[in-house]
Amino acid sequence: MAVSHYQVEGADHCDWTDWEAAGRTRGEPCGNASDSWRQYEDDAFLARAAGANAFRFSISWSRVEPRRGVFDDEVLERYVRFVDQLLALGIEPVVTLFHYTHPRWFHEQTPWTSIASVLEFGIFARRVVAAFGDRVRFWVILNEPLVFLLGGYLDGQIPPGISDSRSLNRVFDHLLAAHCFAASEIRTRVPHAAIGVAHNMMGFGPHRDWHPLDRLLVRSAQTMYNRGVIEAFATGRWKFLLPPGTTIRGRRDELPVYLDTFGVNFYSRLHLRCPGTTRWIGDFDYSDRTGLGLTDNGWEISPETLGPLLDDAAQSGFPLVITENGLADADDRLRPEFLRAHAREIARAEARGVPVHGYFHWSLIDNYEWLDGFEPKFGLYAVDRATMARTPRGSVAVFRELGREFLHLNDENSLRDAQLSLHPSGAE
Ligand code: FCB
């Protein structure tokens, strides 16, 4: 099961809050989100009730370090209480350190364009690791670094809202350096920890099957969007093109050493058309090509896309974990079949020898969906925005059933064991 801090906790004042205040998001501001800052322990019970044996959540940097160099121990203790609750329920806590938001001081004082960002992130990571000690054995340091790079520094849609292709190389390199720094902090304290990254992977298909330019654009999108990050973590070197014409190139030989598992966030497929009607380089859209329907926010349901993406991710050479997968479906009309179809794809991939060690569903509860506010309902449990009460959707039973089969097929008593069989490099 997966959530992220800003999307569920509520009352977290950070760069994204300012973004909302500046009118840069659609829909309502995040406000109390899903009230999980107060209800985390109950949420852990809901995850247990759905049969989950692992729970991915993230740490709010803005709560932990509201002013630069000033850390809030009560906040860290609150997270520790939540982790203890998960452990008491037999659920493996999986901690993400970066899930898009930053403390308010960050972009002013130590932005990702400056090398100081790496040190600041490392110091934050050190404090979190010290608070958790060896309670947490599975860490995802960065959530979707490429999505953040594109949104924050190329099209300027998310904080810090910069649109400067000259900054891209530096920011990407600093994010990866921050990964290495945080990973070394984790390893120092918890030598057997498994360290991961969550990479957003998209399916791409030609708008017109027969059209050579559409097909060429699909191949370029696969290389830049899906494979660039895989290559970086697999080899410590990267070189890919970002539209309209920036080459992202760099090298950090230590990067593969600081990874144990490669996480895939998978949601949908885009259809590409070149030249586009609005931009010469191309247009993209979602359309229902499989007949499985579109989600509430208009994304195509395309489970058969997952298999080839897992094959690509396996090229990283690391064991894989699906760190996010889910859909917006308020009526829970499409979710049962969505879950089953994706589980089938995962089973097929495993049968081909792709090492999939775990699956995290996005999401446990309805939450704040960034630019789209509260409209999309991703939860296995619905959240009443007035009372903050949680109600199970029918899919909870489907998830529980599939979870049992998945664990049975994997011949493991629990996903916890499966996750711990990831081989942390340098641990023995
Ligand atoms: C992913 C994000 C996650 C959530 C889902 C729907 O890309 O990591 O926070 O918004 O999309």
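This is a predicted model: local features need pLDDT of at least 70, side-chain atom pairs count only at pLDDT 80 or more; totals for chains, interfaces and linings use all residues.
Numbering runs from 1 along each chain as its sequence is written, and side-chain values use heavy atoms, with hydrogens and water left out.

**Overall form**

I recorded 14 helices and twelve strands in the chain; helices (H or I, at least four residues) and strands (E, at least two) are DSSP runs, numbered from the N terminus. The radius of gyration is 20 Å, close to the 22 Å of the globule rule for 428 residues, so the chain is as compact as a globular protein of that length. Here the radius is taken over C-alpha atoms, and the rule is 2.2 Å times the number of residues to the power 0.38. Along the principal axes, the C-alpha atoms fill a box of roughly 55 × 50 × 50 Å.

Of the 428 residues, 61% are buried, where buried means under 20% relative accessible area, exposed over 50%, and partly exposed in between (1.4 Å probe, protein chains only). I then checked contacts, defined as heavy atoms within 4.5 Å. Among those with a separation of 6 or more, 73% join residues 24 or more positions apart.

**Aromatic pairs**

I counted 33 aromatic pairs. Rings of Phe, Tyr and Trp (its six-membered ring) pair if their centres lie within 6.5 Å; planes under 30 degrees apart are stacked, over 60 edge-to-face, and the rest tilted. Phe204 is buried at 13% relative accessibility, and Tyr225 is buried at 12%.

I also looked at Arg227, likewise found in helix α10. Arg227 is partly exposed, at 33% relative accessibility. Beyond its neighbours within four places in sequence, Arg227 contacts Gln222 and Asp312.

One aromatic cluster unites Trp61, Phe98, Trp105, Phe106, Trp112, Phe121, Phe124, Phe148 and Tyr153.

Nine of the ten residues of α8 (residues 145-154) are buried, so the helix is largely enclosed by the rest of the structure. After α8 comes Gly156, with a positive phi near 65 degrees. The loop between α8 and α9 (168-189) contains Pro160, and the peptide bond from Pro159 to Pro160 is cis, with omega near 5 degrees.

**Other backbone entries**

I found the bond from Cys274 to Pro275 to be cis, with omega near -5 degrees; Pro275 is in the loop between β7 (261-273) and β8 (283-285).

Which phi does Tyr100 have? The value is positive, near 75 degrees, in a residue other than glycine. Tyr100 sits in the loop between β2 (92-98) and α6 (106-109) and is buried, with a relative accessible area of 9%.

Asp332, also not a glycine, has a positive phi of about 60 degrees. I placed Asp332 in the loop between β9 (320-325) and α12 (335-351), where it counts as buried at 13% relative accessibility.
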